[in-house]
Amino acid sequence: MKKLPIILSLLFLTLCCVSCKVGRFVYYNLANITDYKIFPSRPLVNDSIVFHYYTTEQDKAKAPKKINYNGSEVAFDDFLADNKTVAFLIIKNDTIQYEKYFNGYEQESIVASFSMAKSVTSILIGCALDDGFIKSVDEPVINYVPELKDNGLEKVTIKHLLQMSSGIKCEESYINPFGDAATYYYGTDLRKALSKMQPEREPGTEFSYSSCDTQLLGLVLERSLKGKTITEYLDEKIWKPLGMEYDASWSLDSEKNGLEKTFCCINARARDFSKIGRLYLNKGNWNGKQIVSEKWVEESTKPDTGIGNVDYYKYQWWLSSGGSYMAKGLLGQFIYVYPSKDLIIVRLGKNYGEVQWPELLTSLAENY
């Protein structure tokens, strides 16, 4: 009987407060790759000119048939399906070597990107620098979000946000409904939440993975665009120029005057996610047109081991061995790029399964 009041309270929150953060958390529970259905969003519209990869006959494709895993040799398709994969693409020299979908998903199925969107946000910061909307990554954040000066954040720069070394207090947890990540994911007023940010340590002294940093980076970007939405800028700078095959969307905190969840939540298909990798594989150039500067791509994928930085993360990209790098998202979403092999791998999944995907992707790439 003692549990009854708790159950009733949770039920009340669920029924009466689905629109608020805690209500959303109770009702929807943990994040899912179908969460694009539960949030308002802005559309990304593909152009009439679509870029298509080359294809090759299946028996001629250089694709794995079996894989050695945990001491056993198993069929690659079965391995992917058993480990909750929904889409897996291997693209080499602009040719699709392997493309399969699992667990009820197809080529046209939409998947929420989660933190892969952080890397896209970084690309847009590079575009904003190219376009003169942002002057320098060394600018203080308060140049764009002046209200944070009263919170003691006047020393935080755009570069600190890119490097996840802002020193801003942030609880990176989706399990705690009162934590910052859950607030940003399920909350309905990101601008208000961001205005409450507080310092925890001196900026530039320590790397600490933080969705709060990327969401604040999004607010800086929005302010710099002077009236254009972040989704409109993504559509203009990337979605249409890259010849995406499908429409997509970017989830918002609220329907009216919403702010994009720039730490997550671009909702698209596997082939189109792969084109983000192709853009960086070609140093920001897309079939002769420079979309984002080569300097920005190189800076974003080159390790920096200076004070407060780490050698495995740079400008919202995860860096790996052999000069490879990746956009990585919750539940095992990956855009993996291995430049020296001219290789892109995309893995999307319902969860990680029982696989250390970064290590596996690198192993696959090195054997190509």
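Predicted model: local features only at pLDDT ≥ 70, side-chain atom pairs only at ≥ 80, totals over all residues.

Stop 1: Start by selecting Ile123, Tyr185, Leu216, Ile238, Ile276, Tyr280 and Leu348. These residues have the most contacts inside the largest nonpolar core, which has 87 residues. Next, colour helix H4, residues 116-131. Helix H4 gives the most to this core, with eight residues. In soluble globular proteins, nonpolar side chains tend to be buried together.

Now centre on Tyr280. Leaving aside residues up to four places away in sequence, what does Tyr280 touch? Its contacts are Ile123, Val292, Trp296, Val297, Ser300, Thr301, Trp317 and Tyr325.

Another core lies apart from the largest one.

**Stop 2: helix H10.** Select residues 270-281. These twelve residues are helix H10. From first C-alpha to last, H10 reaches 17 Å, close to the 16 Å expected at 1.5 Å a residue. Is H10 buried or exposed along its length? Ala270, Arg271, Asp272, Phe273, Ser274, Lys275, Ile276, Gly277, Arg278, Leu279, Tyr280 and Leu281 are buried. With twelve of twelve residues buried, H10 is therefore largely enclosed by the rest of the structure. Step just past the helix to Lys283. Here phi is positive, at about 55°.

Stop 3: Glu99 lies in strand S6 and Arg271 in helix H10, so the pair ties together parts that are 172 residues apart in sequence. Arg271 is buried, at 14% relative accessible area. Glu99 is partly exposed, at 21%.

Together with Glu99 and Arg271, they are linked in a network of salt bridges. Side chains of opposite charge can pair when their charged atoms come close.

Stop 4: How many salt bridges does the model hold? The count comes to 18. Pick Arg201 and Glu206 for one of them. Their closest N and O atoms are 3.4 Å apart. Arg201 is partly exposed, with a relative accessible area of 26%. Glu206 is also partly exposed, at 40%.

Then move to Glu236 and Lys228. Their side chains meet in a salt bridge of 2.7 Å, N to O. Glu236 counts as partly exposed at 41% relative accessibility. Lys228 counts as partly exposed at 27%.

**Stop 5: a four-stranded sheet.** Switch to a cartoon view. Find the open sheet whose four strands run in the order S1-S8-S9-S7, with antiparallel pairing. Which strands stand at the edges? Strand S1 (41-44) and strand S7 (111-112) do, each with a single partner strand, so one side of each is left without a neighbour in the sheet.

Zoom in on S8, residues 248-251, and S9, residues 266-268. These strands pair in the antiparallel sense over two bridges. Select Ser249. Its bridge partner in S9 is Asn267. Now show helix H9, residues 230-239. Helix H9 lies across S1, S8 and S9, running at about 15° to S1.

**Stop 6: a buried glutamine.** Go to Gln215. Where does it sit? Gln215 is in helix H8, residues 211-225. Gln215 is buried, with a relative accessible area of 0%. Show its neighbours, not counting residues up to four places away in sequence: Tyr184, Leu190, Leu194, Leu259, Glu260, Lys261, Thr262 and Phe263.

**Stop 7: two aspartates in loops.** Most residues other than glycine have a negative phi. Asp94 is found in the loop between strand S5 (85-92) and strand S6 (95-101). Asp94 is partly exposed, with a relative accessible area of 21%.

End at Asp342. Its phi is near 50°, again a positive value in a residue other than glycine. Asp342 lies in the loop between strand S15 (333-338) and strand S16 (343-349). Asp342 is partly exposed, with a relative accessible area of 28%.

Technical notes:
Residues numbered from 1 in each chain as written. Heavy atoms only, no water. Core = buried A, V, L, I, M, F, W, Y, C linked by side-chain atoms within 4.5 Å. Buried < 20%, exposed > 50% of the residue type's maximum accessible area, 1.4 Å probe, protein only. Contact = heavy atoms within 4.5 Å. Expected span 1.5 Å × (residues − 1). Pairing = 2+ DSSP bridges. Axes fitted to C-alpha atoms, helices over the stretch in contact; angles between N-to-C directions. Salt bridge = Lys/Arg side-chain N within 4 Å of Asp/Glu carboxyl O.
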